[in-house]
Amino acid sequence: MNDKLRNLQTTVLSDNWYTLKKANYEWLGNNGKWQPQSREVYDRGNGATILLYNKDAQTVMLTRQFRMPTYLNGNKDGYLIETCAGLLDKDNPEDCIRKETEEETGYKITSLQKAFEAYMSPGSVTEILYFFTAEYTKEMKVSDGGGLAEETENIEVMEMPFTTALDMVKTGKIKDAKTIMLLQYAQINGLLN
């Protein structure tokens, strides 16, 4: 419980795709007075993401797919280059990301390492994202990947040199936060040295 918060009331504004709620509450300000506050909170569930890397080949496995919100916000073609990711639904983070990795990239990973977890947009979205890394080899490929047809996923699998991916962050060709975070994590921790 937070002793600076009282009289919390939430109202569901929409549950069409995920859940959008309005939260009304009072917050104890630094001046000692209770202040009425109102926020919209989007709950889409928690997720997991993974950077697949091949140490011997010095490559990473990324995906490319259309993201409508980015298109509406000025991304000319709406496509983003990203690390594999998905919502947990009822899975734990490890099971979720193993399943998503196989569906999206076609690789069945044998072991993974948790890197960290983070709130991605805490001012309006409830989601915690669990970040993982895993090594891959050509022998782990079990399908073409590309996502599930029933989820209307049209995912392009992209293998590229790690240095190319880092350069794409610098040039703005990679703009996805989770991907940038994992690429920098790999660089800082020497995963491909």
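One heads-up: you're looking at a predicted model.

**Exercise 1. Is Thr83 buried or exposed, and which residues does Thr83 touch?**

Step 1: Look up the cut-off. A residue is called buried when its relative accessible area is under 20%.

Step 2: Compare. Thr83 has a relative accessible area of 1%, so it is buried.

Step 3: Check who is around it. Leaving out residues up to four places away in sequence, Thr83 touches Thr49, Ile50, Leu51, Leu62, Thr63, Lys178, Thr179 and Leu182.

Step 4: Pick out the polar partner. The side chains of Thr83 and Thr49 make a polar contact at 2.6 Å.

**Exercise 2. Thr49 stands opposite a residue in β9; find that residue and work out how β9 pairs with β4 and β8.**

Step 1: Start from Thr49. Across from Thr49 you'll find Phe131 in β9.

Step 2: Get the direction for β4. Strands β4 and β9 pair in the parallel sense, over 7 bridges.

Step 3: Now try β8, residues 113-119. This strand pairs with β9 in the antiparallel sense over 6 bridges, and Ala118 stands opposite Leu129 in β9.

Step 4: Ask how hidden β9 is. Of its 8 residues, 7 are buried, so the rest of the structure largely encloses β9.

**Exercise 3. Check whether the length of helix α2 agrees with 1.5 Å a residue, then describe the ends of α2 and its packing.**

Step 1: Work out the expected span. You multiply 1.5 Å by one less than the number of residues. For the 13 residues of α2 (residues 93-105), that should give 18 Å.

Step 2: Compare with the model. The end C-alpha atoms of α2 are 17 Å apart, which agrees.

Step 3: Look at the ends. At the N-terminal end, Asn92 is the cap, with a side-chain oxygen 3.0 Å from the backbone nitrogen of Glu94. Just after α2 comes Gly106, with a positive phi of about 85°.

Step 4: Look at the packing. The buried residues of α2 include Cys96, Ile97 and Glu100. The strands that the buried residues pack against are β4, β5, β7, β9 and β10.

**Exercise 4. Why do the buried residues of α3 lie on the same side of the helix?**

Step 1: List them. In α3 (residues 162-171), Phe162, Ala165, Leu166 and Met168 are buried.

Step 2: Recall the general rule. An α-helix has 3.6 residues a turn, so residues three or four places apart point the same way.

Step 3: Check both faces. The buried residues of α3 pack against β5, β6, β10 and α4. The face turned away from that buried side carries the exposed residues Thr163, Lys170 and Thr171.

**Exercise 5. In the open sheet of 3 strands, which are the edge strands?**

Step 1: Write down the order. The sheet runs β1-β2-β3, with antiparallel pairing.

Step 2: Find the edges. Strands β1 (5-14) and β3 (34-43) each pair on one side only, which makes them the edge strands.

Step 3: Zoom in on one pair. Strands β1 and β2 are joined by 7 bridges, and Val12 stands opposite Lys21 in β2.

Definitions and conventions: Residues are numbered from 1 along each chain as its sequence is written. This is a predicted model: local features need pLDDT of at least 70, side-chain atom pairs count only at pLDDT 80 or more; totals for chains, interfaces and linings use all residues. Side-chain values use heavy atoms; hydrogens and water are left out. Helices (H or I, at least four residues) and strands (E, at least two) are DSSP runs, numbered from the N terminus. Buried means under 20% relative accessible area, exposed over 50%, partly exposed in between (1.4 Å probe, protein chains only). Contact means heavy atoms within 4.5 Å. A polar contact is a pair of N or O atoms within 3.5 Å; within protein, one must be able to donate a hydrogen and the other to accept it, and residues adjacent in sequence count only if both atoms are side-chain atoms. Two strands pair if DSSP finds at least two bridges between them.
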